[in-house]
Amino acid sequence: MLDLDRHPLPDQLGYLVLSEDGSVHASGGELENDERSANIISNLLTLTESVDPANFKARSCRKISIVFTDHSYTICLSNKRIYVIKKRNRVDANTNNGMEPDNHSIIA
């Protein structure tokens, strides 16, 4: 398993490692012991499976990014685990980084 405490990703603010059922296996930083975020992410993944089963097979989505103005969440599925990283966004003054007018974006 990744050791995100000792080897954080650049601009990492926090992380969660969840089982497929949404239970927290590891956490740190701003997401330490954040059961609320774990539940929201688990529900989001369940929602992605129900969008259109004819076009999206169960667990076919491997990465989801939720982007806000100052931070983003990257959710990855691997080896029956759900990895969530909260990162600080680097702001480029010449672009809106693909943001919607209300300063958020969801990329799947």
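Reader: In the hairpin of β4 and β5, which residue takes a positive phi?

Author: Quick note before that: this is a predicted model, where local features need pLDDT of at least 70, side-chain atom pairs count only at pLDDT 80 or more, and totals for chains, interfaces and linings use all residues. Residues are numbered from 1 along each chain as its sequence is written, and side-chain values use heavy atoms, with hydrogens and water left out. Strands here are DSSP runs of E with at least two residues, and helices are runs of H or I with at least four, numbered from the N terminus. The β4–β5 hairpin has two residues between its strands, and the one with a positive phi, near 50°, is N79.

Reader: How many bridges join β4 to β5?

Author: Strands pair if DSSP finds at least two bridges between them. β4 covers residues 71–78 and β5 covers residues 81–88. H71 has R88 as its bridge partner in β5. The two strands run antiparallel, and the bridges joining them number eight.

Reader: And what stands opposite K63 in β4?

Author: K63 belongs to β3, residues 63–68, which runs antiparallel to β4 with five bridges. β3 and β4 also form a hairpin, with two residues between them. Opposite K63 stands C76.

Reader: Is S37 buried or exposed?

Author: S37 lies in helix α1, residues 35–50. Leaving out residues up to four places away in sequence, S37 touches L16 and L31, where contact means heavy atoms within 4.5 Å. Buried means under 20% relative accessible area, exposed over 50%, and partly exposed in between (1.4 Å probe, protein chains only). S37 has 13%, so S37 is buried.
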